[in-house]
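Please look over the sequence and the structure shown here before reading on.

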Amino acid sequence: MTATNDPAGLPPLTGLFDADPGRVERFTLDVAGLHFDWSKTHLTADLADSFAERLAAAGFASARAALFAGGIVNASEGRAATHVAERSSGSGAEVEAATARRTRMRALADAVEAGVFGDITAILHIGIGGSLLGPALVVGALGRRGRAFTTRFLANIDGAAFDDAIAGLDPATTLIVAVSKTFTTLETRANLESAMRWLAEAGVEDPYGRVIAVTAAAEAAIEAGIDETRILSFGEGIGGRYSLWSAVGFTAALALGVNAFGELLEGANLMDAHFLAAEPALNACLIAAFADRYYVERAGAQSRAIFAYDERLSLLAPYLQQLEMESNGKSVTASGSPVAGPTAPVTWGGVGTDAQHAVFQLLHQGTVMVPVEFVVTGDGDDEQDPERHAILMLNAFAQAAALMTGAASDDPQRAHPGNRPSATILIERLYPRSLGALLAFYEHRTFANAVLMGINPFDQFGVEYSKALSRDMADGEFGALDPSTRSLIAKAGL
């Protein structure tokens, strides 16, 4: 019988189970309503110990302490990363400031619900990247039914995206939430201007009076025409991809209710406490980072895939793409020297079972090895027979089993090599606390990876350079461009 070659040359996973009858117990954890299973990865106790030693040598304990104490962890920009303070983790002035901002956010939400902005039936959230993905993920995951308002999200500068976002909305009863850290983001400002025209053309007397701005640059929002009483602020130390927990989550708080948003923060706080207190062998965030580093550095994996077996989590993969690749897609260390090895892999994925009929062929029989992560929920939120959700879950478990064990065959076309690694996160029930814990887990995993690589996960100069170039081009500054780009601009009639 023949089977295709294992492209990574890794030791057999089935052999690891044979050698260690307690492997499942050793590589599973339960934290904050989440069950983690890394037993189908190639991690061993010795490997985990070696990564823990490397983490200690990299100064992880002091880096983690600085993160929660509001120390300077973003060295290139000389500032703290204060997103954990937004969920009351850590201590000191940042937590107090976050508490005050959250009180103001609740008051403004109460004002919307009390009719201060008129009869509001819909919210149009305008932002891009971290100013949108987090709230959109949370509303999609938790707000399929029982939302207080119809909620739409608009990011792309493409006019078709704007048309789709406002389709079916009544401008007379729509509230605009515009989110931008600097309030200068090209796409967000263009979409806000279009929204103002849409309201004005529909006869809304004071379009800017129907806008709530969320920003770290209140002055820029005021200059744009928004009254300071309708501005929610967040701190300079909160990066976009880490900003859900701040006023950036205002739309989610409106759509789901401020109490549900508070529970989301509580779930994240539970994961923060676990990340701070648990030793490496029992720390979900660190074990996940160890597996990430193993497959990138020792097995040469250039990507990792995430598949959520729940339609409510359809935005999880895009959310993690930004979190992981914008944070750790670097080629120099925090001190500016070249990194010694590979950094972040390409994060990609989709939703099961759709993905099974699209990309799993490569995962099972392709010549590249891709570590897979399955995110499975124990509950459904639909009106169908519960058996359907049971079948959905079983599909995820079957895929993981097949990736690991493979199947030999006399026909090479039908042979499956197996030994393909996967991890599974089983969410007992998808509700605000468990979702908050899940997203905080991914943040801390990303941070731990960064410490292991010696890089700064809190800047994004690659993104900022291309944005600046786009602004120059929008202003008609083409002189410094390469011949190919100038030719394309001319060909397009720009």
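In the residue classes used here, Ala, Val, Leu, Ile, Met, Phe, Trp, Tyr, Cys and Pro count as nonpolar, Asp, Glu, Lys and Arg as charged, and the others, Gly among them, as polar. This is a predicted model, in which local features need pLDDT of at least 70, side-chain atom pairs count only at pLDDT 80 or more, and totals for chains, interfaces and linings use all residues. Residues are numbered from 1 along each chain as its sequence is written, and side-chain values use heavy atoms, with hydrogens and water left out.

- On a 1 Å grid over the protein atoms alone, a cavity is a set of points where a 1.4 Å probe fits but cannot get out, and lining residues have an atom within 4 Å of a point.
- Grid points are joined across faces, edges and corners, and a volume is the space filled by probe spheres set on the points.
- The whole structure holds five cavities of 30 Å³ or more.
- The second largest cavity has a volume of about 100 Å³, and its lining divides into three nonpolar, three polar and five charged residues.
- Among the residues lining the second largest cavity are Asp-292, Arg-293, Arg-304, Glu-324 and Arg-445.
- Helix H12 (284–298) gives the most to the lining of the largest cavity, with five residues.
- The lining of the largest cavity has 10 nonpolar, three polar and four charged residues.

**Open pockets**

- A pocket is an open set of grid points with protein on both sides within 12 Å along at least five of seven lines.
- The largest pocket has a volume of about 700 Å³; 34 residues line the largest pocket, and Lys-181, Thr-185, Gln-460, Glu-464 and Lys-467 are the closest to its centre.
- Helix H17 (461–474) supplies five residues, the largest share of the lining of the largest pocket.
- By class, nine nonpolar, 15 polar and 10 charged residues line the largest pocket.
- The second largest pocket holds about 430 Å³, and Glu-311, Asp-382, Arg-388, His-389 and Leu-392 lie nearest its centre among 16 lining residues.
- Three nonpolar, five polar and eight charged residues make up the lining of the second largest pocket, with four residues from helix H15 (residues 386–405), which gives the most.

**The sheet**

- Six strands form an open sheet of mixed pairing, in the order S1-S2-S11-S10-S8-S9; two strands pair if DSSP finds at least two bridges between them.
- Strand S1 (28–31) and strand S9 (346–351) are at the edges with a single partner strand each, so one side of each has no neighbour in the sheet.
- From one strand to the next, the twist averages 15°.
- Strand S10 (residues 372–377) and strand S11 (residues 422–427) pair in the parallel sense over six bridges, and Phe-374 stands opposite Thr-424 in S11.

Terms used
Helices (H or I, at least four residues) and strands (E, at least two) are DSSP runs, numbered from the N terminus. Axes are lines fitted to C-alpha atoms, for helices over the stretch in contact, and angles run from 0 to 180 degrees between N-to-C directions.
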